[in-house]
Amino acid sequence: MSSSGIEKGVVTAEFEPPRGNRSRFAFACAILASMTSIILGYDIGVMSGAAIFIKDDLKLSDVQLEILMGILNIYSLVGSGAAGRTSDWIGRRYTIVLAGAFFFCGALLMAFATNYPFIMVGRFVAGIGVGYAMMIAPVYTTEVAPATSRGFLSSFPEIFINIGILLGYVSNYFFSKLPEHLGWRFMLGVGAIPSVCLAIGVLAMPESPRWLVLQGRLGDAFKVLDKTSNTKEEAISRLNDIKRAAEIPEDMTDDVIVVPNRKSAGKGVWKDLLVRPTPAVRHILIACLGIHLSQQASGIDAVVLYSPTIFLKAGLKSKNDQLLATVAVGVVKTLFIVVGTCVVDRFGRRALLLTSMGGMFLSLTALGTSLTVIDRNPGQTLKWAIGLSVTTVMTFVATFSIGAGPVTWVYCSEIFPVRLRAQGASLGVMLNRLMSGIIGMTFLSLSKGLTIGGAFLLFAGVAAAAWVFFFTFLPETRGMPLEEMESLFGSYTAHKKTNVMKEGNEVVEEH
């Protein structure tokens, strides 16, 4: 690559003046990619309050309502299943544009819906966008970010989801002042606006350097790496690591090459991932699916989608109080997701996951117990139980947000080998959305069958099992270059639970 001043991966002897911190460009790219997550979060958050008015306006039953609430995640399986192949075909950047287009159309369809089938069509279209967005945003950010800030930048999608959820809650509160038949339509329709901003912003984004390498566009890949690395030497090192992972010979250094045995469109990937995986890939797949299952099966979407219902059961009678308390949930969730993002590269993925899931278990146990006490004492105002219920809802979303929320996406987007990353991450997203849909579509029925307190005690049991799984199966990945990540997996014994740290330019393991 003579145009880059590189010959066979070695820096040529030319003077380069000191450069500023180029991670600012990666920071900007992460923000733009995460715009899809704001739209997703807004859709999730706004439905929790809009559902109150949709139920009354369209005369829906409880079963119809819970299907409406949770079906978005089932529909998203279509987008999640197609996202891996699509992003390998048209690139990560244009897959983000595609997700935004689905969001835009879905929001308008829901806003103009006149009956239940009509609004379900809007949910279907928006759901496809959800599936695309939840896979592509963390994958793109992970592939652009340098290893030293990958955890921080890869958490951005989760931060923006929570900002979107908070905006949805705030939208509920303000638009609830409108007439019933107009309020929920404005709540849902406003979600189309960020999609337009996304379409404009994506023009400033580069393509993923790893995707460019898989297409044989080494010159373009180096230009992106040069903009997201602190030094040219770091950019060269990252490019060589990607080439080795893609099995491209070191002597192939032209700006455009023909990739040997190219499988960039996904050919053979499913066989390597599911049919004949290596021990390391099998371990990676189990870790990815297990962490996604644990994140959703522990009940976070029950709280996010049904906060007003939970607060009603806890003793808050007016809709205004329920919506205000729900806004408080959004504020707490957003604040603590920022805390989790800031410390993920300092304390590591494994430590945050274990701390988070332990806190979730304690919060769910206390919440389930207090709601059970309230339920068994009808007609009485138990202020301590009401206060405990509201407090433990807040502590639950806080402990979720410092670990299980952001780290799930960071961890699963970084552990797969480069050729398997898009499809592997999409499998995790599919399971995540499936479990989220099941929780959303069954929570009201589950609450009637087990009581609402019993439902949260069930979630507490799931959280306890998840803590054991994290402790047993998940090695630490902090600071490890993506191309070397596979070496951490393949063994389920304790000596693999290493703490990987950056010291200078070396990656070391503490046993």
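Visitor: Which residues line the second largest cavity?
Guide: I39, Y42, D43, V46, F103, G106, A107, M110, A126, L188 and G191 form that lining. Helices α2 and α4 (92-111) each give two or more residues to this lining. The model is predicted, so local features need pLDDT of at least 70 and side-chain atom pairs pLDDT 80 or more, while totals for chains, interfaces and linings use all residues. Numbering runs from 1 along each chain as its sequence is written, and side-chain values use heavy atoms, with hydrogens and water left out.

Visitor: What volumes do the largest cavity and the second largest cavity have?
Guide: A volume is the space filled by probe spheres set on the points, which are joined across faces, edges and corners. The second largest cavity holds about 70 Å³. For the largest cavity the value is about 140 Å³. Its lining comprises 14 residues, of which E158, I161, Q296, D301 and R433 are the closest to the centre. At least two lining residues come from each of α7 (156-175), α14 (279-297) and α15.

Visitor: How does the lining of the largest cavity divide by class?
Guide: Ala, Val, Leu, Ile, Met, Phe, Trp, Tyr, Cys and Pro count as nonpolar, Asp, Glu, Lys and Arg as charged, and the others, Gly among them, as polar. Eight nonpolar, two polar and four charged residues line the largest cavity. The second largest cavity has eight nonpolar, two polar and one charged.

Visitor: How much space lies in the largest pocket?
Guide: The largest pocket has about 810 Å³. Among its 35 lining residues, P308, T309, L312, K313 and I452 are the closest to the centre. Helix α15 gives the most, seven residues. By class, 17 are nonpolar, ten polar and eight charged.

Visitor: Is D321 buried or partly exposed?
Guide: Helices here are DSSP runs (H or I, at least four residues; strands are E, at least two), numbered from the N terminus, and D321 lies in helix α16. D321 is partly exposed because its relative accessibility is 38% (buried is under 20%, exposed over 50%, partly exposed in between, with a 1.4 Å probe and protein chains only). The C-alpha atoms of D321 and K177 are 14 Å apart, with 144 residues separating the two along the chain.

Definitions and conventions: On a 1 Å grid over the protein atoms alone, a cavity is a set of points where a 1.4 Å probe fits but cannot get out, and a pocket is an open set with protein on both sides within 12 Å along at least five of seven lines; lining residues have an atom within 4 Å of a point.
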